[in-house]
Amino acid sequence: MCGIFAYFGPKDNAGELVLEGLKKLEYRGYDSWGIVCKNEDGETIIEKHVGKISDANELRPELTEKPSHIAIGHSRWATHGGVTEANAHPHTTENMDVTIVHNGILENYLELRKELQEKGHKFTSETDTEVFAHLIEENIDKGLEEAFKLALEKAEGRYALLAITKDENKIVAARRGSPLIVGINKENKEYFIASDIPAFLKHTNNVMYLDDEQMVVLNDGVKFFDLKTDQPIEKRIVEIEWDEQSAEKGNFEYFMLKEITEQKETLARAINQDDDLIREVAQAINGAFGTYIIGCGTAGKVGMVGTYLFSHIAKKHINFMFGSEFGSFLPFMTDKSLMIAISQSGETADTLEAIEEAKKKGVKIVSIVNVESSTMARISDIVIPIKAGPEKAVASTKATTSQIAILELLAYACAGKLDEGKKLLVETASQINDMLNPRYEQYIRKLAEKIKDVESMYIIGKDLNYPMALEAAIKLQEVSYIHAEGFAGGELKHGPIALISEGTPCIALIANDHTKQETLSNAIEVKARGGYIIGVSPQNNENFDFWIKVPDAGMASPIISIIPIQILAYQLAILRENNPDMPRNLAKSVTVK
Ligand code: M6R
């Protein structure tokens with residue numbers, strides 16, 4: 001949550017470079033934004049606005065009229081304090097000695113704020129963040145680096161924090177629990193600091209990772225320090241494979257549609273794994289005394305699918321719990337337990353905290369992530385990359401199907417049938433290739449036109465498609481803002497069927513397997529109460545009011561059945577004039593608890 005971008009280098013339009021870079025991080029938070037530039041006369045000038053940074057074409061002239069080589073910016077997802085210009089970052093001190101941007105939550109801010117107010121500091125916002133600026137100022141006579149370290153010693157909570165001062169030509173930054181990556185263009189002697197790599201890919205694909213409890217100082221070069229030992233650290237430069245184009249929209253109006261369409265290729269990339277790695281993890285699952293899949297939101301629904309896949313394919317009981325609920329199960333974790341954490345971003349705070357707690361109990365951690373440079377990947381014992389490329393739309397699509405594919409591979413590998421699993425998934429990838437075409441999208445748009453004004457809709461599924469019904473609901477909720485709920489088909493008659501009235505859309509995810517007849521019967525029960533039945537299924541049925549044909553994919557049916565729902569959610573968003581890439585109240589990576 002929140003995007004941070006900073007520039008330090010010889011170019012004299014630092015503010016404009018930050019404006020451009022920050023726009024690429026807008027998906028991380030988009031309720032307000034701000035930039036501070038330090039110009040050659042040592043003045044720090046701030047510009048802040050409520051609203052999306054993508055609506056900004058240029059900075060105010062004061063930020064650009066004098067050459068500036070240092071600038072930092074922030075795109076906000078509000079936590080403490082409403083969405084106002086005063087609460088937007090950067091935050092600064094009374095005489096603008098220290099200016100900062102922050103992603104995370106300073107948990108003890110109330111007590112620190114009180115202490116600082118008693119010392120005479122004047123606060124101008126309601127945020128936790130502003131406390132950092134005043135805390136640093138307290139010791140600024142010792143120099144920015146030292147004052148910054150002293151402030152961090154008092155901080156409880158998570159942060160990615162950057163600071164500049166009027167008097168020194170440097171940027172200092174540190175992280176604990178929130179991402180920050182340093183980009184370096186050696187040839188041009190330029191440095192970037194950002195919450196995510198795509199923001200500076202235009203300038204460089206060479207990065208240096210800042211880990212938790214580490215600090216970086218940019219002035220004449222780059223220096224890293226361990227905050228616990230106060231010792232300098234040597235960092236390796238890592239070359240990133242992502243290219244700038246893969247992080248851009250190309251000819252698509254929205255990232256969400258681009259990412260849905262990319263599933264033709266991303267699934268194939270996910271399957272193309274190192275077999276030894278998959279077998280190694282399968283062996284760990286087979287040998288573990290309890291395997292626990294965790295994840296949040298969509299990644300959580302993928303985890304739930306995993307429990308069904310392992311049961312059917314590997315005849316194994318695997319547990320699932322949401323990252324945020326994992327704490328309740330800690331008492332029985334041991335060093336023989338195995339955790340499989342699923343996350344697109346690798347930065348989700350609830351999942352990270354579950355991992356941290358599990359690690360303390362000696363649990364072995366496998367993570368299935370998209371962002372290989374993420375915190376999660378870095379703290380896991382084994383990482384399986386899903387290789388989906390940057391996913392920027394808030395609603396997860398291509399990462400979802402790739403994550404399911406990895407769980408399928410693992411389940412087949414646990415059963416000693418990895419080749420069979422691969423074959424199935426390769427066939428599924430080619431079926432998706434046939435399915436994802438403009439005609440299919442247009443057909444689903446007709447359905448979206450029909451149901452765009454409904455108040456509620458329901459999705460049912462059974463077995464592998466029950467978690468997909470839950471996932472379908474998330475997708476529809478987050479971009480269409482229509483009330484949507486997913487149920488296990490058999491559960492409807494135990495209560496939720498009371499919600500059905502004339503014309504209520506009910507999407508039935510019906511695989512061509514042993515669950516087909518029962519799910520169909522559940523759909524017919526809904527129809528008998530006036531429901532409008534949308535069948536997502538390989539075969540049509542007379543009870544369907546609208547049929548969305550999907551290929552028959554056997555055990556890979558969850559991958560296949562979610563794709564038309566992703567398209568439906570997208571089309572509903574467009575018809576209801578919502579921005580599908582940046583749904584209200586949400587952010588791409590949820591780095592707060
Ligand atoms: O980055 P992660 O996969 O850990 O994110 C977890 C959830 O926040 C995420 O899946 C969220 O539910 C999506 N917006 C759903 O589309």
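I began with the second largest pocket and sorted its lining by class, which gave 11 nonpolar, 11 polar and five charged residues, where Ala, Val, Leu, Ile, Met, Phe, Trp, Tyr, Cys and Pro count as nonpolar, Asp, Glu, Lys and Arg as charged, and the others, Gly among them, as polar. The model is a predicted one, in which local features need pLDDT of at least 70 and side-chain atom pairs pLDDT 80 or more, while totals for chains, interfaces and linings use all residues. Residues are numbered from 1 along each chain as its sequence is written, and side-chain values use heavy atoms, without hydrogens and water.

I then noted a volume of about 510 Å³ for the second largest pocket; a pocket here is an open set of points on a 1 Å grid over the protein atoms alone where a 1.4 Å probe fits, with protein on both sides within 12 Å along at least five of seven lines, and lining residues have an atom within 4 Å of a point. The volume is the space filled by probe spheres set on the points, which are joined across faces, edges and corners. Of its 27 lining residues, I found Cys-296, Gly-297, Thr-298, Lys-588 and Val-590 closest to the centre.

I looked up the domains (bounds from an automatic or database assignment): domain 2 (249-434) and domain 3 (437-586) each give at least three residues to this lining.

I turned to the largest pocket, with a volume of about 750 Å³; among its 31 lining residues, Glu-241, Trp-242, Glu-372, Gly-389 and Pro-390 are the closest to its centre. Its lining has 11 nonpolar, seven polar and 13 charged residues.
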